[in-house]
Amino acid sequence: SVHGTYNNLKAFQKKSDIPLLVAADYERGLGTFIEGTLFPSNMAIAATGDTALAYKQGYITAIEAKNIGVNMILAPVLDINNNSNNPIINFRSYGDKPQTVIKYSIPFINGVQAQGLIACGKHYPGHGNTATDSHTSLPIINISKDELFNNELVPFKHACENGIKSIMIGHIVIPSIDKGVPATFSKKVTKEILYDKWKYKGLIITDALEMGALTSSTWDKESAIRSIEAGADIILLPLDGTRAIKSIINAVEEGRISKERIDKSFK
């Protein structure tokens with residue numbers, strides 16, 4: 001309920017010495033989970049032909065979220081729905097062309113961030129062209145580097161240029177960029193493109209580390225460490241939070257991750 005969520009979040013913030021970032025998957029507004037506005041899917045928003053509605057959706061979602069104590073919206077979906085057999089993105093995408101996704105996602109981002117909240121573009125580098133659901137297994141997208149840069153990455157690049165405050169990394173393998181390595185663990189996909197090439201300054205957050213795409217192949221403690229090594233600032237939903245924290249502390253103590261690297265993410 002709204003009442004319970006509001007009071008719980010207030011209690012958590014009070015307990016914490018450091019102000020907490022509270023994120024929620026409000027892709028279609030608060031109504032996805034609790035009482036609050038429930039918007040149509042992104043594909044339906046794009047079908048209206050009116051970008052002002054995308055802005056309004058972001059703005060209203062942010063107002064409602066802020067009122068209950070949520071300050072980070074894990075949306076918009078910037079994936080291009082360019083595979084008709086996609087079991088997990090489909091309606092969550094604004095459309096099957098990069099231009100459509102850009103046209104509606106930028107106003108949504110602006111709407112959320114006009115309220116002082118953090119919007120989050122997902123699932124970088126693009127989860128649209130796969131027939132695999134990463135909640136259960138690891139999708140491999142066999143496209144060339146050129147295809148990736150001219151298609152999948154375009155909405156993410158525009159979002160970064162328009163000041164989106166966070167990007168979520170998907171559990172996807174793109175062999176033409178980094179063979180056999182999920183984007184979550186890939187410096188080539190995350191750090192080298194986002195930070196080095198595009199000069200992106202925002203937060204990098206992983207997709208849920210509990211998802212089958214990773215747990216089927218990587219020990220959970222290792223997942224948290226590898227994500228940080230690849231550039232992630234926030235580790236989302238590890239299988240066991242306490243164990244993930246301990247493994248990160250160990251990695252710092254052993255010198256595998258520098259203290260400066262953790263401080264950078266914290267700042």
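The largest nonpolar core holds 51 residues, and Tyr26, Val70, Tyr124, Ile167 and Leu194 touch the most other members. A nonpolar core here is a set of buried Ala, Val, Leu, Ile, Met, Phe, Trp, Tyr and Cys residues joined through side-chain atoms within 4.5 Å. Buried means under 20% relative accessible area, exposed means over 50%, and partly exposed lies in between (1.4 Å probe, protein chains only).

This is a predicted model: local features need pLDDT of at least 70, side-chain atom pairs count only at pLDDT 80 or more, and totals for chains, interfaces and linings use all residues. Residues are numbered from 1 along each chain as its sequence is written, and side-chain values use heavy atoms, with hydrogens and water left out.

- Helices (H or I, at least four residues) and strands (E, at least two) are DSSP runs, numbered from the N terminus.
- H4 supplies the largest share of this core, seven residues.
- A second, separate core has nine residues, including Met72, Leu203, Ile205 and Ala208.
- Tyr26 is in contact with Phe33, Ile34, Thr61, Ala65, Ile68, Val70, Ile73 and Ala75, leaving aside its neighbours within four places in sequence. Contact means heavy atoms within 4.5 Å.
- In soluble globular proteins, nonpolar side chains tend to be buried together.

**The parallel strands**

- E3 and E4 run parallel and are joined by three bridges. Two strands pair if DSSP finds at least two bridges between them.
- Gly121 stands opposite Ile167 in E4.
- In E4, Ser166 and Met168 point one way, Ile167 and Ile169 point the other way, and all are buried.
- Strand E4 (residues 166–169) also pairs with E5 in the parallel sense, over four bridges.
- Across that pairing, Ser166 stands opposite Leu203, and Met168 stands opposite Ile205.
- Strand E5 (residues 203–206) is covered on both faces: Leu203 and Ile205 are buried on one side, Ile204 and Thr206 on the other.
- From E4 the chain passes through helix H7 (residues 191–197) to E5, in a right-handed β-α-β crossover. Right-handed means that, with the strands pointing away from the viewer, the path from the first strand over the helix to the second runs clockwise.

**Backbone exceptions**

- Most residues other than glycine have a negative phi, and most peptide bonds are trans.
- The peptide bond from Ala75 to Pro76 is cis, with omega near 15 degrees. Pro76 sits in the loop between strand E2 (72–73) and H4.
- Tyr124 and Pro125 are also joined by a cis peptide bond, with omega about 5 degrees. Pro125 is in the loop between E3 and helix H5 (145–152).
- Lys199, a residue other than glycine, has a positive phi near 55 degrees. Lys199 lies in the loop between H7 and E5 and is exposed, with a relative accessible area of 55%.
- Leu237, a residue other than glycine, has a positive phi near 45 degrees. Leu237 is in the loop between helix H9 (220–230) and helix H10 (241–253) and is partly exposed, at 45% relative accessible area.

- Ile63 lies in helix H3 and is partly exposed, with a relative accessible area of 31%.
- Ile63 and Pro139 are 76 residues apart along the chain, and their C-alpha atoms are separated by 35 Å.
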